[in-house]
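Student: I have just opened this structure and would like to get to know it. Could we walk through it together?

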Amino acid sequence: MPKILIKTPKEIERIRDCGALAAETLSRAGEMCKPGVATREIDDFVREFTLKNGAIPACLGYKKFPKSVCTSVNEVVTHGIPGTYVLKDGDIINIDVTSILNGYFADTSETFFVGKPKANAEELVATSKECLFEGIRVCNLPNARFSDIGAIISGICEEHGFSVVRDYCGHGTGRAFHEDPTVLHYRQLLPGPKIQQGMVFTIEPMINEGTWKVRTLSDGWTAVTADGKLSAQWEHTIAMTRHGIEILTLAR
């Protein structure tokens, strides 16, 4: 069994503060997603805005990751490295922001449309968002377990003919970027641990248009769909409080 750290209300308050900043950072970065904008410009903004607000961009230097944010365009599933790529009409881009404020982490992402979205991209992005929020919803059910998250997400994807990435998952967070538990987004054979008061974790399903399989490029970070089809993702950091599930990565 994983050792899942239980947070105090004070710790959750600290993560909530960090989450609010991460959410605002993500929202502002999303406004930049227009044709002609290079992904490095988004990275520059995230780094400068985070530092200006007394926080640290968690991605920068994490296991030698070279940038302050992940920008994953079209077939890039996750860990896209910002650079010279210039966004064009019809692209989709996931921006994944993780901030550290006063020693606590918060993690959030969203997939944005660049210009006019294509029909298949609209359905994929809408489905990935539905998967996130239905995954959050089941956490509030009586005696909910982490395995319930993957079950509901898998069912939604099957209805739409999409697939759930299995190589990457959600995770606990707090004073460390990644803590227990591992939050799987696909259906499991065995029940997972119960979701209990004081647990803080992310749900971040990556939904692929085609196969769930991915491959990693030679940079050691960029993960792309094995068949070159689109991928979309949404993510929130959430906490189980005495009042139920609370999304901590919401802008105030």
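Student: Which residue in E8 does histidine 171 stand opposite?

Tutor: Happy to start there! This is a predicted model, where local features need pLDDT of at least 70, side-chain atom pairs count only at pLDDT 80 or more, and totals for chains, interfaces and linings use all residues. Residues are numbered from 1 along each chain as its sequence is written, and side-chain values use heavy atoms, with hydrogens and water left out. Strands (E, at least two residues) and helices (H or I, at least four) are DSSP runs numbered from the N terminus. E7 and E8 are joined by a hairpin through six residues, and in E8 the residue opposite histidine 171 is threonine 182.

Student: How many bridges pair E7 and E8, and in which sense?

Tutor: Two strands pair if DSSP finds at least two bridges between them. For E7 and E8 the sense is antiparallel, and the number of bridges is three.

Student: Which element gives the most residues to the lining of the largest pocket?

Tutor: A pocket is an open set of points on a 1 Å grid over the protein atoms alone, where a 1.4 Å probe fits, with protein on both sides within 12 Å along at least five of seven lines; lining residues have an atom within 4 Å of a point. The largest pocket holds about 450 Å³ of space, a volume being the space filled by probe spheres set on the points, which are joined across faces, edges and corners. Its lining has 24 residues, and the closest to the centre are Tyr62, His79, His171, Phe177 and His178. Strand E4 (92-101), strand E7 (170-172) and strand E8 (179-183) each give two or more residues, and the most, four residues, come from E8.

Student: What is the order of the strands in the open sheet of three?

Tutor: The edge strands, each pairing on one side only, are strand E3 (76-78) and strand E11 (214-216). E3 runs antiparallel to strand E12 (residues 223-225), joined by two bridges, and valine 76 has valine 224 as its bridge partner in E12. The pairing in this sheet is antiparallel, and the order is E3-E12-E11.

Student: Is H3 roughly parallel or roughly antiparallel to H4?

Tutor: Axes are lines fitted to C-alpha atoms, for helices over the stretch in contact, and angles run from 0 to 180 degrees between N-to-C directions. Helix H3 (residues 119-138) and helix H4 (residues 146-160) pack at about 155°, with axes 9 Å apart. Because angles under 35 degrees count as roughly parallel, over 145 as roughly antiparallel, 65 to 115 as roughly perpendicular and the rest as oblique, H3 is to H4 roughly antiparallel.
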